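Please look over the sequence and the structure before reading on, and keep both open while you go through the points.

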Amino acid sequence: VTAVGAGVFHACAWTSTGVVRCWGRNDQGQISVPSNLGRVTALAAGGWHNCAVTMNSRVVRCWGDNAFRQGTVPSNLGPVIAVAVGVQHTCAITTNGTLRCWGWNVDRQAAVPSNLGPVTAVTAGISHTCAMTTNAAVRCWGLNSDGQARVPANLGRVTAVGAGRWH
C-alpha cells in the first residue's frame, strides 16, 4: 500500500500498483471505485466522497457524495499533481502550483486567497483548508471557530501539512 485515506465511515487505499481499493459504508457510493479509474498517482478520502489523480492524464476523478458539487471537477482544471478532500469540498494543485477548490463554501473554505501564490501541498478539514507554499510556509482559510485557520506566527518552515475535521 502506497497511501491510505479515511472518510467519515469508509477508507480507501492506493496500492503499490496504482490501484484504488475502498471499504466501509457505501450509502453515497463512496466505496464504489469507478471501474474505469485506472492507475492513480494520488488519492484523497474525506466526508462521503473520494478523489484521485489518474496516472496517464493527471486529471482528478471523484466518486461518492456530490450534494455540494464537491465531486464535480471543474472542466478547465487541467493536469494536477495533488488532491485534497474535505467533508464537502475538494481542492487540487495544478502542475504549475496553482490551487483550485470547489464544492461547499459556506465558510469560505473553497475560496482560495487571491494572494496565495504557488503551493506544494494542500489539506482540507470540514470547513477550512490549509496549503503549504513553495517557501514552506502554511496558509489556512475558512472557518476559524477553534483556531483551526490561525497559523502560529512562530511556526517556521514546514515539510507537510494536515487538517482534521475541526483542527
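The numbered points below take up a sheet and then the nonpolar cores.

1. A word of caution comes first: this is a predicted model, and the points that follow should be read with that in mind.

2. Strands of a sheet pair through backbone hydrogen bonds, and they may do so in a parallel or an antiparallel way. Here an open sheet is formed by 3 strands, which follow the order S4-S5-S6 with antiparallel pairing. Strand S4 (40-46) and strand S6 (60-64) are at the edges and have a single partner strand each, so one side of each is left without a neighbour in the sheet. From one strand to the next, the twist averages 15°.

3. Within this sheet, strand S5 (residues 49-54) pairs with S6 over 5 bridges in the antiparallel sense, and Val53 can be found opposite Val60 in S6.

4. In soluble globular proteins, nonpolar side chains tend to be buried together. The largest nonpolar core has 13 residues, of which Ile93, Leu99, Leu116, Val119, Val122 and Ala131 touch the most other members. At least two residues of this core come from each of strand S7 (80-85), strand S8 (89-94), strand S9 (99-103) and strand S10 (119-124), and S10 gives the most, with 3 residues.

5. Which residues does Leu116 touch, if those up to four places away in sequence are not counted? Leu116 is in contact with Leu99, Ala131, Thr133, Arg139 and Trp141.

Key: Residues numbered from 1 in each chain as written. Predicted model: local features only at pLDDT ≥ 70, side-chain atom pairs only at ≥ 80, totals over all residues. Heavy atoms only, no water. Pairing = 2+ DSSP bridges. Helix = DSSP H or I, 4+ residues; strand = E, 2+ residues; numbered from the N terminus. Axes fitted to C-alpha atoms, helices over the stretch in contact; angles between N-to-C directions. Core = buried A, V, L, I, M, F, W, Y, C linked by side-chain atoms within 4.5 Å. Buried < 20%, exposed > 50% of the residue type's maximum accessible area, 1.4 Å probe, protein only. Contact = heavy atoms within 4.5 Å.
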